[in-house]
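Thanks for coming. Please have a look at it on the screen.

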Amino acid sequence: EDVARAINLQPDRRQQAYDAMERLVKADGWREARDAKKELAAVGKHALRLVVRNAKRHDDEQVRMYCHEIIIENFGDDPDNFETIAHDGLRDESAAVRYHCACHSGDLKIYGAHRRLRRLMEDPKQDDHTRNAAAKSLAQLGEPDVIVELVKGMASDHYMPRYMANIGAKALTGKDLNDFND
């Protein structure tokens with residue numbers, strides 16, 4: 001009886017996922033997008049395939065970003081989703097999506113991302129934020145040779161490079177800038 005009920009719920013959950021994805025695609029503002037993302041996350045595994053497909057293939061950069069956010073924030077602890085983040089997200093044509101995935105690859109301990117992260121960090125065509133996020137994540141994955149990039153970031157006059165480098169240095173050494181009394 002429970003199985004029969006579960007089977008009967010699946011088409012409704014799938015339709016709920018499609019409806020929420022449609023609202024996400026048509027969202028006019030961050031509040032509408034937030035609500036649609038919450039609903040997709042609540043639908044759970046029934047929405048995940050749809051979210052992954054749109055993270056990889058949707059024409060709109062913002063929709064791909066939303067989908068990556070859903071994956072990272074709600075399904076990031078599942079190794080089955082690491083490929084979407086490490087492979088597709090780090091190679092996305094959008095700098096914002098690449099940055100977001102580079103930043104979270106280390107947080108999520110996606111060890112399979114280290115080659116792509118290294119390419120991002122060493123690519124002079126990438127923006128500084130993406131390169132800094134890649135260096136931070138490489139440090140979080142235990143790559144000690146990025147310390148040179150982290151030291152450059154900690155010496156920056158700008159907040160974000162210092163912030164990213166500080167997180168990376170803390171991951172590698174156990175110490176950050178606050179441990180040195182100014």
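Among contacts in the protein chain between residues at least 6 apart in sequence, 57% join residues at least 24 apart. Keep in mind that this is a predicted model.

What does the secondary structure of the protein chain come to? There are ten helices and zero strands. Read from the N terminus, the order of elements is therefore α-α-α-α-α-α-α-α-α-α. Along the principal axes, the C-alpha atoms fill a box of roughly 60 × 35 × 30 Å. The chain has 182 residues, and 44% of them count as buried.

Now to one pair of helices. Two packed helices are described by the angle between their axes and the distance between the axes. Here the pair is α9, residues 147-154, and α10, residues 159-173. Their axes come within 7 Å of each other and cross at roughly 140°. An angle over 145 degrees would count as roughly antiparallel, so α9 and α10 are oblique to each other. The crossing of α9 past α10 is left-handed.

Which residues make the contact? From α9 they are Ile147, Leu150, Gly153 and Met154. From α10 they are Pro161, Arg162, Ala165, Asn166, Gly168, Ala169 and Leu172. Sorted by class, the contact of α9 with α10 has seven nonpolar residues, three polar and one charged.

A pair of aromatic rings is described by the distance of the centres and the angle of the planes. How many aromatic pairs does a search of the whole structure find? The search finds one. The pair is Tyr159 and Tyr163, with ring centres 5.6 Å apart and planes at 15°. Planes under 30 degrees apart count as stacked, so this pair is stacked. Tyr159 and Tyr163 are four residues apart in helix α10, which means that about one helical turn separates them.

Are these two tyrosines buried or exposed? Tyr159 is exposed, at a relative accessible area of 52%. Tyr163 has 39%, so Tyr163 is partly exposed.

Last, a single residue elsewhere in the chain. Asn54 sits in helix α3, which covers residues 45-57. Its relative accessibility is 12%, and because buried means under 20%, Asn54 counts as buried. What does Asn54 touch, leaving out residues up to four places away in sequence? Asn54 touches Met21, Arg64 and Cys67.

That is what I have; questions are welcome.

Key: Residues are numbered from 1 along each chain as its sequence is written. This is a predicted model: local features need pLDDT of at least 70, side-chain atom pairs count only at pLDDT 80 or more; totals for chains, interfaces and linings use all residues. Side-chain values use heavy atoms; hydrogens and water are left out. Axes are lines fitted to C-alpha atoms, for helices over the stretch in contact, and angles run from 0 to 180 degrees between N-to-C directions. Helices (H or I, at least four residues) and strands (E, at least two) are DSSP runs, numbered from the N terminus. Angles under 35 degrees count as roughly parallel, over 145 as roughly antiparallel, 65 to 115 as roughly perpendicular and the rest as oblique. A crossing is left-handed if the near helix is turned anticlockwise from the far one by less than a right angle, and right-handed if clockwise. Contact means heavy atoms within 4.5 Å. Ala, Val, Leu, Ile, Met, Phe, Trp, Tyr, Cys and Pro count as nonpolar, Asp, Glu, Lys and Arg as charged, and the others, Gly among them, as polar. Rings of Phe, Tyr and Trp (its six-membered ring) pair if their centres lie within 6.5 Å; planes under 30 degrees apart count as stacked, over 60 as edge-to-face and the rest as tilted. Buried means under 20% relative accessible area, exposed over 50%, partly exposed in between (1.4 Å probe, protein chains only).
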